[in-house]
Amino acid sequence: MITRRHLLLAPVARTRTIALTFDDFNPAALGSAEAKAANLRFLGHLDRAGLETTAFVVGGLNQEAGRRAELEAWSHAGHRIANHTWSHRNYNNPAMTGLEFAADAARAHTFVSTFRTFTPLLRFPMLKEGETAAKRDHMRLWMRTEGYRNGHVAIDGCDWLYSQYFLRSGFAPKFREPYLNHLERMANFSLGLAGRSAIEAPLTLLLHYNAINLAFLPDVIAHFRSLGWRWVDASRAFADPLYEKEPSRLPAGESLLWALDGGRERHQGEQDKVEEDILRRLL
Ligand SMILES: [Zn+2]
């Protein structure tokens with residue numbers, strides 16, 4: 001007989017497994033005059049944690065002299081280099097056609113595919129995958145034809161917004177705890193969605209190559225470990241069949257778990273207003 005006490009003690013079977021992915025690689029987002037040294041510090045954080053990530057690179061942001069070598073350092077360290085388009089445009093904009101967007105992704109491919117650790121994953125800017133079925137399916141067909149898969153995000157947040165305020169504050173250390181709390185909230189939100197669908201796959205966390213992660217990435221890694229999460233390499237996460245799923249909802253995109261859940265709750269991107277109130281109070 002299953003008693004209430006047994007139910008209370010029954011372990012929650014979900015394994016909390018998480019993987020790091022980084023987007024954009026906009027050197028200006030680091031807020032450092034010493035771009036090369038800052039890049040090495042970023043890599044050092046991952047090296048010390050023993051974690052391999054997937055770097056979703058915006059081609060057009062990485063054409064300056066010296067950037068090639070900095071991205072080569074990521075590739076040399078074993079991190080995968082993937083496609084985040086050439087010019088980071090919003091595919092849900094009705095003025096943007098499937099043909100134009102595919103051309104932008106193809107242009108980025110000519111750059112990212114030259115790295116030794118290139119992996120054919122495409123991450124849509126702002127996670128916008130098309131507002132109509134025709135546009136969504138145009139890019140799904142493009143990916144299939146070009147041997148690409150979608151570099152889906154399972155845990156989305158506003159690290160980019162936290163980083164903007166962190167820069168405005170002049171790198172104030174007091175941002176550390178609110179930032180860790182933010183990521184914890186976002187991860188728990190996704191964990192709830194995963195639980196509803198009995199998904200146990202490693203969850204890909206979207207972070208950006210920016211000042212707040214340069215400052216606090218070791219704390220982020222340690223914080224999640226202290227909460228019982230286990231970090232795995234991003235390539236291992238993306239190998240899970242979860243990341244082959246193609247949600248049917250429109251507009252297409254946002255976090256994969258949210259889209260698979262049918263978009264019933266507010267998506268994490270809509271948290272911006274709430275987060276901005278927290279951030280304004282910190283300045
Ligand atoms: Zn981006």
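Two residues count as in contact here if their C-beta atoms, placed from the backbone, lie within 7 Å. Keep that in mind for the exercises, and remember that this is a predicted model.

**Exercise 1.** Work out what the buried residues of α7 pack against.

*Solution.* Start by listing the buried residues of α7: Tyr179, His182, Leu183, Met186, Ala187, Phe189, Ser190, Leu191, Leu193 and Ala194. Now look for their neighbours: they pack against β1 (17-24), α6 (159-168), β6 (203-208), α8 (211-226), α10 (256-260) and α11 (272-282).

**Exercise 2.** Check whether the end-to-end distance of helix α7 agrees with its number of residues.

*Solution.* α7 covers residues 176-196, so take its 21 residues at 1.5 Å a residue and expect a span of 30 Å. Next, take the end C-alpha atoms: they sit 31 Å apart, which agrees.

**Exercise 3.** Describe how α2 (residues 35-49) and α8 pack.

*Solution.* First the geometry: the angle is about 5°, and the axes are 9 Å apart. Angles under 35 degrees count as roughly parallel, so α2 is roughly parallel to α8. Then the residues: Ala38, Arg41, Phe42, His45 and Ala49 in α2 meet Leu214, Leu217, Pro218 and Ile221 in α8. Sorted by class, that contact has 7 nonpolar, 1 polar and 1 charged residues.

**Exercise 4.** Find the strands that pair with β1 in the parallel sense.

*Solution.* Go strand by strand:
- β6 pairs over 6 bridges, with Ala19 partnered by Thr204.
- β2 (residues 54-57) pairs over 4 bridges, with Thr21 partnered by Thr54.
- β7 (residues 230-231) pairs over 2 bridges, and Thr17 stands opposite Arg230.

Finally, check burial: 7 of the 8 residues of β1 are buried.

How values were computed:
Residues are numbered from 1 along each chain as its sequence is written. This is a predicted model: local features need pLDDT of at least 70, side-chain atom pairs count only at pLDDT 80 or more; totals for chains, interfaces and linings use all residues. The expected span of a helix is 1.5 Å times one less than its number of residues. A residue is buried if 20 or more other C-beta atoms lie within 10 Å of its own, exposed if 12 or fewer, and partly exposed in between; C-beta atoms are placed from the backbone. Axes are lines fitted to C-alpha atoms, for helices over the stretch in contact, and angles run from 0 to 180 degrees between N-to-C directions. Angles under 35 degrees count as roughly parallel, over 145 as roughly antiparallel, 65 to 115 as roughly perpendicular and the rest as oblique. Ala, Val, Leu, Ile, Met, Phe, Trp, Tyr, Cys and Pro count as nonpolar, Asp, Glu, Lys and Arg as charged, and the others, Gly among them, as polar. Two strands pair if DSSP finds at least two bridges between them.
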